[in-house]
Amino acid sequence: MTKIDITLTVNGEEMTGRAEPRMLASDFLREVLGLTGTHVGCEQGVCGACTIRLNGATARSCLLFAGQLEGADVTTVEGLGSPRKMHRIQEAFRRHHALQCGFCTPGFLMTVAEILETEELRTDGDIRDALSGNLCRCTGYEHIVRAVRELVNERDGVTA
Amino acid sequence: MTDTPRPDRAQTIRPKYIGKKVERFEDPRLLTGRGRYSADIKADRMVHLAFVRSDQAHARIVSVDTSDAAEAPGVIAVYTAADLPELPELSAPSAMKDYHATVCPALARDTVRHVGEAVAVVVAQDRYLAEDAAALVMVDLEPLGATADPVAALKPDAVPLHDNVPGNKVLERSFATGDAPGEIAKAAHTVSGRFRMRRKSPLAMETRSYVAQYDTGRDQLVLHTSSNIPGIVRDELARLLHLPGNRFQVVSPDVGGSFGGKGSVYPEEIIVVMLARELERPVKFVSDRLEDLTSTSQAFDEIIEATLAFDEDGIFIALDAEVIGDIGAYSIVPWTAALEPVQVVSFLPGPYRTPHYRGRVRGVCTPKPPTGPYRGVGRPMAVFAMERLVDLAAAKLGVEPDEIRRRNLVRPEEFPFRIGSGIRWDRSGFLECLENAVAAVDVASFRKRQTEARENGKWLGLGFGTYAELTGIGSRIAVAPGMPINTGTETAAVRVDSTGAVTATFATASHGQSLETTLAQIVAEELGVRPQDVTIKQGDTSLTPHGTGTYASRSAVIGGGAAIVSTRALLKKVQAAAGVLFDVEPDTVETGDGEIFVPGTNHHITFGDLARAVYSDMKALPLEARKPLEAQEAFDPWLGTTTAATHVAEVEIDAETLEIRITRFLVAEDCGRMINPLVVDGQVHGGVVQGIGAAILEELHYDETGQLLSATLADYLIPTAAEVPTLEVNHIETELPDNPGGFRGMGEGGTIGAPAAIANAISDAVAHLGIGVEELPMTPNKLFRLIAERQEKE
Ligand code: FES
Ligand code: FES
């Protein structure tokens, strides 16, 4: 199959990569652009490990083709923060031990970034529902919920 | 080997790090996408593999035509077993009597024995091209018939799977103490059941991934693997491929969970290493989720028929059990097929006094992927069956479930206590955990709520799961019965380098267990530096002469023990050198927070100062005092450490839809001294939620021909955040166990107690209908059938 050039903005930087249009967007980010922070856990659209933000909204990059990224504005976990300067969401995850093996984590972080902007998340039940599209096999979710609760309280100016 | 030093509680004023909620050192990289998992590895000229796998459960390979695939774009080579005359075979020998080890060639040679077994492999420039070509490989299979049901597979008319396994029976083992059948015959009361837990997948979120690189110039092979047992993989592949260990390195980089699924040696690991050497190019294989569900080792599928006898007061007298374990098509390497089913019989009597015990287990081959280690090994099934019997006994006598446990649990003064299978429990909080849980749930007020709810069409249920387990098992006991590999020893090397920095090296392999943090806490506290100043190295066979990895709740106890004995030996060297430097007795030298000093004097230097004096400065110390600041010691706990817990589940079942919701879950556990409470809680939570999955969701459905019907994550469901309640964990510290740190292992307990507690809670909720749970997972569908069957009988 012939390869095409795909130009997009990733984490604020314009990039061009060459790939077969049928390549999955997750593979394009990982293999072609070298952004291996986006993980692939199923390629079936179920686990959420591959979650990125596409033009602001979360999307499963394993369900997109690389060709669909042409001209898009993409944020991956690498765009959130760096080890020396972590994003507030990343700090909360660390503080609450909301990750163990870390494989599902990038997907959770991208989801949390979105739901903090779009959802009210009044109860822990709301948080659990909002996270139910991401699978984690290590943490049992408890610490993830606590981290998100802290972030929601901070957002809403509530002291726990 | 070092004598077992006791936990040293009366230490100096030095800051304590063990027991602190230290934030993990692994997190900054894992949170920012800078982790390095095997699938992230890229190398120049790297080639990619796609396997062609059997779509039949049991068949003769008539032919494999690779000619079209070989011509496909980007294809470098295609191999079948016939193309690889030196293809090794995987087999796990056992010291057990009458054990029949199966043989599994790395690519199927003339017979396939499960759907998903690899028949051919395509090497191509990228994974897409490899998969395109794999679809062109023509495999002609002639069905040989299949007996997928384990009970049927033991019958005389079953289709035999291996020539050398008569009647499909891989192993048989019995334990007996006293006269259980005789006592049961004359007992006042008995309860019985036929219990089954269905086949599951460990389902780590990262699928199995391997990259082999061959440095031709130096004749060095490196395998990066998502394994949690790099040491065992190294030893086994070195043997099979005739590679000396100094030219063959196995590295487990960041690993995305295992739960047992990445804790065995796999054919694909052999193939990537063979092909890297053959092609002189880096070779990568990353399995997809379908492959993971059909070729990664699966979690136990067992049937227990058991009877418990007890007297008028509910005191247990005898337990009798027949166990059938479906081991799948091949015995798992290196653990053997005995790993899981034999432990069921070993652990079945549980934390109770049951004077008479008889248990027999048979392991049976069926044409399904091999079962392998799965978090909890043997104990989830044993505890499920036993705890159901305990509740059935309570119901028969009309006493509360907590009361019957109170009457039968081994009491503090009775330790050490040997159960009917020969396992020895050491002092652990059996009763203390139960009482803690009972106090937290308040059984009496629950009963009130239960009655009220029933009137409103909601069935509430409360269930206990009480268990004990052996963790951190030393070399006295094989973690898998009959397996000829020592997994009881761990070595640590701790050193201060010439810059004053501390590095500690282990043969463990973290795949989420936080060992980079917890082991650093231990070394830091023992040496007198800060945890963030200690670097932990592990998961790389070039670092240590021997080691196995991280599994079986061993790393805190054995790795932590090795950290303590090694760091104490290093501290002696630090004190000796500083003593010469200060001209004082070494004993008077103290350390803390990276400083070395003599209290009440102005002798005060940093580790960096001492390192310079020892290594770089030629004048500060006399030659004989300039010994490397390095110590290496091994630790072997010899026996295991007993961990105990009580789990309590509360469920709510909708009388109309039969939807089962878990509304409360509490764990009261004794894990000894905690190294990092955050990490302990995380391990408990994760285990419990896997146990919830086993109890109400997870089942690999196989049809009678051995076809998998749940081969995607949309069919094989694991718990999401929405199915899980808030998890409460209470830690109880009784007497500290007899190991250097006072640690007990706790990585697996969650999966052990939760299925039993939930099964009991569901049974309690539907008790008024005259039914109970004998099979897990219990789903609304199965519950509906149970109710319908019961109504038919009436
Ligand atoms: S990899 Fe995309 S949802 Fe699982
Ligand atoms: S932290 Fe391992 S899967 Fe979530």
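Between chain B and chain A, 4 salt bridges are counted, a salt bridge being a side-chain nitrogen of Lys or Arg within 4 Å of a carboxyl oxygen of Asp or Glu. The model is predicted, and local features need pLDDT of at least 70, side-chain atom pairs count only at pLDDT 80 or more, and totals for chains, interfaces and linings use all residues. Residues are numbered from 1 along each chain as its sequence is written, chains are lettered from A and ligands numbered from 1 in the order in which they are written, and side-chain values use heavy atoms, with hydrogens and water left out.

One of the salt bridges pairs D132(B) with R22(A), whose closest N and O atoms are 2.7 Å apart. Several helices of chain B each supply at least two residues of the side that touches chain A, namely α1 (27-31), α3 (127-134), α8 (289-295) and α17 (677-696). Of these, α17(B) gives the most to that side, with 9 residues. Helices (H or I, at least four residues) and strands (E, at least two) are DSSP runs, numbered from the N terminus.

Across the interface of chain B and chain A, 25 residue pairs are found in polar contact, both residues being at pLDDT 80 or more. A polar contact is a pair of N or O atoms within 3.5 Å; within protein, one must be able to donate a hydrogen and the other to accept it, and residues adjacent in sequence count only if both atoms are side-chain atoms. In terms of contact (heavy atoms within 4.5 Å), 58 residues of chain B meet 49 residues of chain A. The two chains bury about 4500 Å² between them, 56% of it on carbon and sulfur atoms. Buried area is the accessible area (1.4 Å probe) that two parts lose on being put together, summed over both. In chain B, the most area is lost to chain A by L31(B), Y128(B) and M205(B), together 18% of what that side buries.

N676(B) is placed in the loop between β29 (660-670) and α17 of chain B. This residue counts as buried because its relative accessibility is 2%, where buried means under 20% relative accessible area, exposed over 50%, and partly exposed in between (1.4 Å probe, protein chains only). A polar atom of the N676(B) side chain lies 3.1 Å from the backbone nitrogen of L678(B). With neighbours within four places in sequence left aside, N676(B) contacts K20(B), K21(B), V22(B), T517(B), T518(B) and Q521(B).

Most residues other than glycine have a negative phi, and most peptide bonds are trans. A cis peptide bond joins V333(B) to P334(B), with omega about 0 degrees; P334(B) is in the loop between β16 (316-328) and α9 (339-347). Another cis peptide bond, with omega about -10 degrees, joins F415(B) and P416(B), and P416(B) lies in the loop between α11 (401-408) and β18 (417-418). S514(B) has a positive phi, near 70 degrees, and is located in the loop between β22 (502-506) and α14 (515-527). S514(B) is buried at 1% relative accessibility. For L658(B), phi is near 65 degrees, likewise a positive value. L658(B) belongs to the loop between β28 and β29 and is buried, with a relative accessible area of 5%.
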